[in-house]
Structures are given as structure tokens and as C-alpha cells.
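Try each task before you read its solution.

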Amino acid sequence: MQQKMVFCPHCGKQLPAGAKFCDACGTAIPQAVQTQTTQGSVTQGSKISDVTRKKGIIALVIVLIIGSFAVFGSTGDEAIVKEGHFQVNQSRSVGEAFDSYFSNTRWTSKTINGTHYVYFQGKGRNTKTNKNTIAVKATFVVYPKAKSWELTKMSIDGQDVSNEIGFVVNQIVDGDEPIYY
């Protein structure tokens with residue numbers, strides 16, 4: 001004679017026959033589950049493996065979502081900067097201006113002690129130093145609640161040009177080549 005085996009459909013815990021609620025997680029036990037018997041198709045081991053498999057699938061989906069942001073999309077802070085406009089010239093967004101003016105662009109973001117930063121790196125032309133390419137770095141501080149930002153630091157070939165940001169930004173937004181600073 002087969003003994004009735006009841007398992008929680010949520011957590012997989014074996015329960016006494018006729019249980020109305022799981023004593024482990026509190027899930028209501030439907031009538032259909034209460035009448036299942038051990039005929040080889042439902043066992044405690046298979047229920048636990050089903051739960052484990054579901055948790056594994058959920059973890060995989062989360063990893064894929066996070067990975068897709070890293071590969072395909074901007075973070076919230078990056079989007080705030082890239083979709084914003086400079087006060088000196090409203091004709092193009094920051095992202096449009098920087099990504100079209102420079103090559104090999106890279107945007108990254110980081111939060112340090114509660115302050116949100118977005119970093120930009122790219123390469124461009126410069127005749128001031130008679131070099132074919134220059135390395136440009138920019139640091140933006142982001143204020144997520146206000147959806148605003150400020151460009152706080154900029155360097156060209158390692159030289160700090162932060163005190164000339166307005167002048168340099170106008171050239172970038174206007175598409176002037178090469179950058180003079």
C-alpha cells in the first residue's frame with residue numbers, strides 16, 4: 001500500500017498528509033498536492049532538485065541582466081551624463097559630442113563614499129603638441145536624485161586642463177579639430 005506523501009510546492013519540504021499550510025514557509029497547500037502519492041513521479045528528492053533548479057535559473061537570469069548592462073547599456077549615472085547638455089552649448093548631448101569627437105571612447109561609473117562618478121576616456125587629434133593623437137580623460141560628478149551632473153576634472157595627455165574646461169568643451173561640442181588648450 002502506498003503512503004501519501006505531501007510536499008510544499010514552494011519550498012519542497014515534506015509535510016504530514018492533510019496539511020493545509022507548510023510549517024516551514026507558510027505556503028497554503030492546494031488540495032491537488034495533498035492527494036499526491038509516491039508513484040515514482042513525485043519524491044522528496046525531485047522536489048528539492050526542482051527548487052534548486054529554479055533558484056539556479058533565477059540566478060542565471062540575474063547574471064545575464066547585469067552582464068547585458070555592462071555590454072549593451074549605460075548605467076543610470078552614465079545615462080544622466082550622456083543624455084545631458086553643457087550650459088555653454090545646448091546643440092548636442094554630452095554623449096553625442098564626446099562619442100563623435102573622440103575615438104576609442106570608454107564610459108565607466110563608480111560610487112565612492114556615496115558620491116557618484118562617471119569617467120570618460122577617449123582619443124583625439126592635437127596640433128599643439130604636434131602629436132597625431134591625444135588621450136583625454138574627464139570626470140563627472142553625478143547627482144542621481146536631481147538627474148544632474150557637473151564636469152569636475154579634465155586632462156589631455158596627462159596635463160590637467162580643468163581650469164580651461166569651458167574652452168575645451170566648446171571645441172568638443174562644436175566639433176572643432178584639433179583641440180587647442
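Two residues are in contact when heavy atoms of theirs lie within 4.5 Å. Before you start, note that this is a predicted model, in which local features need pLDDT of at least 70 and side-chain atom pairs count only at pLDDT 80 or more, while totals for chains, interfaces and linings use all residues. Residues are numbered from 1 along each chain as its sequence is written, and side-chain values use heavy atoms, with hydrogens and water left out.

**Exercise 1. Find the contacts of Phe140, leaving aside its neighbours within four places in sequence.**

Step 1. Select Phe140 and apply the contact cut-off.

Step 2. A nonpolar core is a set of buried Ala, Val, Leu, Ile, Met, Phe, Trp, Tyr and Cys residues joined through side-chain atoms within 4.5 Å. Buried means under 20% relative accessible area, exposed over 50%, and partly exposed in between (1.4 Å probe, protein chains only). The largest such core has 26 residues, and Phe140 is listed with Phe86, Phe98, Trp149, Leu151 and Met154 as having the most contacts inside it.

Step 3. Helices (H or I, at least four residues) and strands (E, at least two) are DSSP runs, numbered from the N terminus. At least two residues each come from helices H3 (76-82), H4 (94-101) and H5 (165-174), and from strands S6, S7 (131-143) and S8 (148-156). A second, separate core has six residues, including Cys8, Leu15, Ala19 and Ile29.

**Exercise 2. How many salt bridges does a search of the whole structure find?**

Step 1. Use the cut-off: a side-chain nitrogen of Lys or Arg within 4 Å of a carboxyl oxygen of Asp or Glu. The search gives two.

Step 2. Look at Asp23 and Lys13, whose side chains meet at 3.1 Å, N to O. Asp23 sits in the loop between strand S2 (14-15) and helix H1 (31-34), and Lys13 in the loop between strand S1 (6-7) and S2, so this bridge ties together parts that are ten residues apart in sequence. Asp23 is exposed at 58% relative accessible area, whereas Lys13 is partly exposed at 34%.

Step 3. Turn to Asp99 and Lys82, which form a salt bridge at 3.9 Å, N to O. Here helix H4 supplies Asp99 and helix H3 supplies Lys82, 17 residues apart. Asp99 counts as partly exposed because its relative accessibility is 31%.

**Exercise 3. Which aromatic residues do ring pairs link into a cluster?**

Step 1. Pair the rings of Phe, Tyr and Trp (its six-membered ring) if their centres lie within 6.5 Å; planes under 30 degrees apart count as stacked, over 60 as edge-to-face and the rest as tilted. This gives twelve aromatic pairs.

Step 2. Check Phe98 and Trp107: their centres are 6.0 Å apart with 50 degrees between the planes, a tilted pair. Both Phe98 and Trp107 are buried.

Step 3. Check Phe102 and Phe120: the planes stand at 50 degrees with centres 5.5 Å apart, so this pair is tilted. Phe102 lies in the loop between H4 and S5, and Phe120 in strand S6, 18 residues apart. Phe102 is buried at 4% relative accessibility, and Phe120 is buried at 1%.

Step 4. Follow the links. The cluster holds Phe86, Phe98, Tyr101, Phe102, Trp107, Phe120, Phe140 and Trp149.
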